[in-house]
Structures are given as structure tokens and as C-alpha cells.
Amino acid sequence: MMRLYFVHGWAFGPDCFDALAPLLGDWPQARADLGYFGPARIPDFMAGDVLVGHSAGFGGGLSRRRDWAG
């Protein structure tokens, strides 16, 4: 199953996807919080996850996992 896995960029929080995520609401979603403004929360990765990254979040997502589905 495909799930969108959002990772925000430097100096942002997961709320930077608040406008985009509802537009993609037909797909299951997870959001990582890299902890710039509080504790980090990195959901477990699942087979079929598709990385949706903003700025440094895209690079960070690639550095944490190499086998994204897309």
C-alpha cells in the first residue's frame, strides 16, 4: 500500500504541509517532525512509502532510507 511520508525542511515543522496534505487525502499519510521546535518524532517507515520532502527534508529523507517507493 502506498503511503505519503512527509518530511519538512530546515527551520520548519511538519505543519508546513498543512495546506498540501488535505489535497492528497485519498492516500494514507505520515509526517516526520525533525524536532527543530520540540521533540523529534519520526514515524516508522513502511514498504510502499513515497517521500514527499520540502528542501532539506528531501535530502534528510533520502539519508534515512534509500528504498523509497517513489
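Both Asp49 and Arg65 are buried, where buried means under 20% relative accessible area, exposed over 50% and partly exposed in between (1.4 Å probe, protein chains only). This is a predicted model, in which local features need pLDDT of at least 70 and side-chain atom pairs count only at pLDDT 80 or more, while totals for chains, interfaces and linings use all residues. Residues are numbered from 1 along each chain as its sequence is written, and side-chain values use heavy atoms, with hydrogens and water left out.

**Salt bridges**

- A search of the whole structure finds four salt bridges, each defined as a side-chain nitrogen of Lys or Arg within 4 Å of a carboxyl oxygen of Asp or Glu.
- Asp49 is joined to Arg65 by a salt bridge whose closest N and O atoms are 3.6 Å apart.
- Because Asp49 lies in strand S3 (residues 49-53) and Arg65 in the segment after helix H1 (56-64), this pair ties together parts that are 16 residues apart in sequence; helices (H or I, at least four residues) and strands (E, at least two) are DSSP runs, numbered from the N terminus.
- Arg65, buried at a relative accessible area of 10%, also forms a salt bridge with Asp67 (2.5 Å, N to O), and Asp67 is exposed at 54%.
- Arg3, Asp49, Arg65 and Asp67 are linked in a network of salt bridges.
- Asp18 and Arg31 meet through their side chains in a salt bridge (2.7 Å, N to O), and this pair links distant parts of the chain, with Asp18 in the loop between S1 and S2 and Arg31 in strand S2, 13 residues apart.
- Asp18 counts as partly exposed at 45% relative accessibility, as does Arg31 at 23%.

**Strands S1 and S2**

- S1 and S2 run parallel and are joined by four bridges, pairing being assigned if DSSP finds at least two bridges between two strands.
- Val7 has Ala32 as its bridge partner in S2.

- Arg3 lies in strand S1 (residues 3-7) and counts as buried at 11% relative accessibility.
- A polar atom of the Arg3 side chain lies 2.8 Å from the backbone oxygen of Asp44.
- His8, in the loop between S1 and S2, is buried with a relative accessible area of 0%.
- Polar side-chain atoms of His8 lie 2.9 Å from the backbone oxygen of Phe12 and 2.8 Å from the backbone nitrogen of Leu34.

Definitions and conventions
Polar contact = N/O pair within 3.5 Å; in protein donor to acceptor, adjacent residues only side chain to side chain.
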